[in-house]
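Let us take a walk through this structure together, one region after another. Have the sequence and the 3D view at hand as you read.

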Amino acid sequence: MRNCLHSIFLFKLYNSGLRSRSKCTARRGRACSTASLRQPVRQLVSSVKFSPAQFTMFTVFLLLWLCIWLVTCLLKSRRPKNFPPGPPVLPVLGNLLSLNLENPLKDYERLRKSYGNIYSLFLGPKPVVFINGFHVIKEALVTKAGDFSGRPQDLFVNDVTQRKGLILADYNPNWKEHRRFALMTLRNFGLGKNTMEERIHGEIKHIIKTLDKSIGKTLSPQVMFHNAASNIICQVLFGTRYEYDDKLIKVIVRCFTENSKIANGPWSMLYDCYPIVRKLPLPFNKGFKNFEICQNLAQNIVDEHMKTRVPGEPRDFVDCYLDELDKRGSDGSLLSENRLVFNALDLHFAGTDTTSNTLLTGFLYLTTYPHIQERCQREIDQVLKGKDLVSFDDRHNMPYMQGTMIIPNLTSVLNEEGQWKFPHEFNPENFIGDQGDFVKPEAFMPFSTGPRMCLGEGLARMELFLIMVTLLRKFKFIWPEDAGDPDYTPLYGVTLTPKPYRMKIQLRETQ
Ligand code: HEM
């Protein structure tokens with residue numbers, strides 16, 4: 001396994017070397033005066049006259065060069081010895097033609113069935129190894145964590161985020177320091193304490209206000225859940241929430257959702273495979289523009305904090321980071337004002353798209369499986385009785401409700417035969433033990449596992465539980481009669497999003 005990663009790494013080094021060399025040549029070319037070149041070139045062209053023998057030699061030379069190029073491509077795209085199996089590789093294209101680049105999830109599953117849990121593909125000329133299934137993933141991410149906790153540094157997303165964030169940071173002291181700082185600050189701001197629950201309940205009031213306006217009508221929940229998730233993490237990061245029609249947050253959330261799709265889309269795949277296309281005006285440039293917009297907005301927020309902060313009295317993550325910078329001074333720390341902007345953006349993105357898409361998936365299934373929705377509501381009524389608000393601790397008495405969190409991510413493990421009672425069904429029974437108690441199967445790893453596992457898991461779990469219970473207690477969610485059959489196929493992106501849908505809102509009769 002280490003060998004596989006090693007060859008990918010070498011390939012990346014090779015690529016980046018080529019890229020920087022071609023840049024130098026281009027720069028040198030630009031420095032020359034084009035006018036001074038034109039004259040000798042014209043003279044050369046007019047003085048060249050081919051005899052038939054020269055022409056034949058030239059053609060033979062060209063054909064020979066083409067053959068050498070083809071053989072080199074063929075050799076480059078052959079699987080190295082001991083490399084995991086996979087489908088036959090085409091020169092230059094690799095296995096790109098065997099994938100649906102808009103959404104390759106079904107292809108990955110098909111290849112897994114043909115070649116086993118560890119197989120390889122060539123994305124263009126780049127070899128990559130896919131690992132699937134609970135045991136293999138656990139062995140890689142936990143047992144051999146040191147070998148598998150790095151992150152590639154030569155992809156579209158690295159260039160967009162300028163290699164300064166946390167999610168894609170390589171496994172190095174910079175990642176370690178920023179991860180430790182983020183975890184510590186999240187804890188200080190109430191993760192696992194009542195303060196965070198209060199913040200989430202505060203946001204739920206706004207969700208309820210939006211739903212109340214739609215009683216008896218249908219509503220597309222996408223923007224509402226994205227804004228709610230964004231506001232919860234924004235309060236921790238920037239000490240503020242934004243109204244759902246606020247211009248700034250609308251722009252940021254739009255950039256996040258677009259970039260989530262662009263980053264896993266066909267154009268960024270092209271960008272990753274063929275460095276030669278990177279400077280061309282192709283649709284992936286939108287990703288750079290979107291990120292720049294977010295970066296400027298986040299920089300403004302940080303600038304505002306620098307003006308209004310009281311050192312030693314942090315209001316939020318940004319203030320904590322600035323306090324830490326003061327404390328460390330110039331002791332060679334890896335924290336910096338510039339990195340603050342990128343880390344805050346990473347946390348904002350990671351805390352928005354993920355949680356909101358999970359809520360959207362949850363409600364899609366609950367509206368289309370009304371018997372499961374009703375069973376959840378019976379359990380909620382029974383446990384909460386006269387209680388005003390649900391608290392995170394109530395989850396211990398709601399085994400069925402906890403079991404509704406099915407997340408179509410890390411799909412190979414979350415659907416794996418042998419790991420689940422009903423591997424291909426939306427069925428909370430997957431999480432119910434013989435005694436009717438809540439049981440979390442080992443294969444439930446939507447937050448990943450090992451040192452790079454999600455650092456917002458605690459916050460996300462709290463958000464999902466409190467939001468779902470509160471909304472299910474008050475409202476009934478109905479699949480509209482004229483909406484046709486539900487389509488559960490997710491849209492592919494950094495996180496999987498359900499296709500846009502509408503749900504009908506009713507007040508529950510018990511209310
Ligand atoms: C249902 C919601 C969520 C899901 C399913 C989820 C899932 C994941 C997964 C699978 C990873 C590992 C990615 C990798 O291997 O590189 C991850 C990493 C991460 N998540 Fe989440 N996440 C969620 C919510 C959140 C929230 C609310 C936050 C914000 C506090 C957050 C912050 C992060 C960060 C910063 C990382 C990178 C950690 C590192 O590389 O050390 N996530 N998440």
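Aspartate 107 sits in helix H4, which covers residues 105–115. The model is a predicted one, so every value here is computed from predicted atoms. Is aspartate 107 buried or exposed? Its relative accessible area is 12%, and because the cut-off for a buried residue is under 20%, aspartate 107 counts as buried. If you set aside the neighbours within four places in sequence, aspartate 107 is in contact with Ser98, Leu99 and Asn100. Glutamate 177 is 70 residues from aspartate 107 in sequence, and their C-alpha atoms are 38 Å apart in space.

Now step back to the domains. The domain assignment divides the protein chain into domain 1 (96–155) and domain 2 (159–507). To their contact, domain 1 brings 29 residues and domain 2 brings 32 residues. The C-alpha centres of the two domains lie 24 Å apart. About 2,700 Å² is buried between domain 1 and domain 2, and carbon and sulfur atoms give 59% of that area. Phe134, Arg151 and Gln153 together supply 24% of the area that domain 1 buries against domain 2, more than any other three residues.

Which protein atom is the donor of the iron atom of the ligand? The only one is SG of Cys454, at 2.3 Å. Cysteine 454 belongs to the loop between helix H18 (411–414) and helix H19 (457–474).

Finally, look at the sheet. Three strands form an open sheet in the order S3-S5-S4, with antiparallel pairing. Strand S3 (218–219) and strand S4 (475–478) are the edge strands, each pairing on one side only. Strand S5 (residues 503–507) runs antiparallel to S4, and four bridges join the two.

| Residue | Opposite residue in S5 |
|---|---|
| Phenylalanine 475 | Leucine 507 |
| Phenylalanine 477 | Isoleucine 505 |

Phe475 and Phe477 also make up the covered face of S4, whereas Lys476 and Ile478 make up the uncovered one.

For the whole protein chain, the secondary structure comes to 19 helices and five strands. Of the 511 residues in the chain, 47% are buried. How much of the contact in the chain links residues 24 or more positions apart? Such residues account for 70% of the contacts with a separation of 6 or more.

Terms used:
Residues are numbered from 1 along each chain as its sequence is written. This is a predicted model: local features need pLDDT of at least 70, side-chain atom pairs count only at pLDDT 80 or more; totals for chains, interfaces and linings use all residues. Side-chain values use heavy atoms; hydrogens and water are left out. Two strands pair if DSSP finds at least two bridges between them. Donors are N, O and S atoms within 2.8 Å of the metal (3.2 Å for Na, K and Ca); water is not among the atoms, so sites may look incomplete. Domain bounds come from an automatic or database domain assignment. Contact means heavy atoms within 4.5 Å. Buried area is the accessible area (1.4 Å probe) that two parts lose on being put together, summed over both. Buried means under 20% relative accessible area, exposed over 50%, partly exposed in between (1.4 Å probe, protein chains only).
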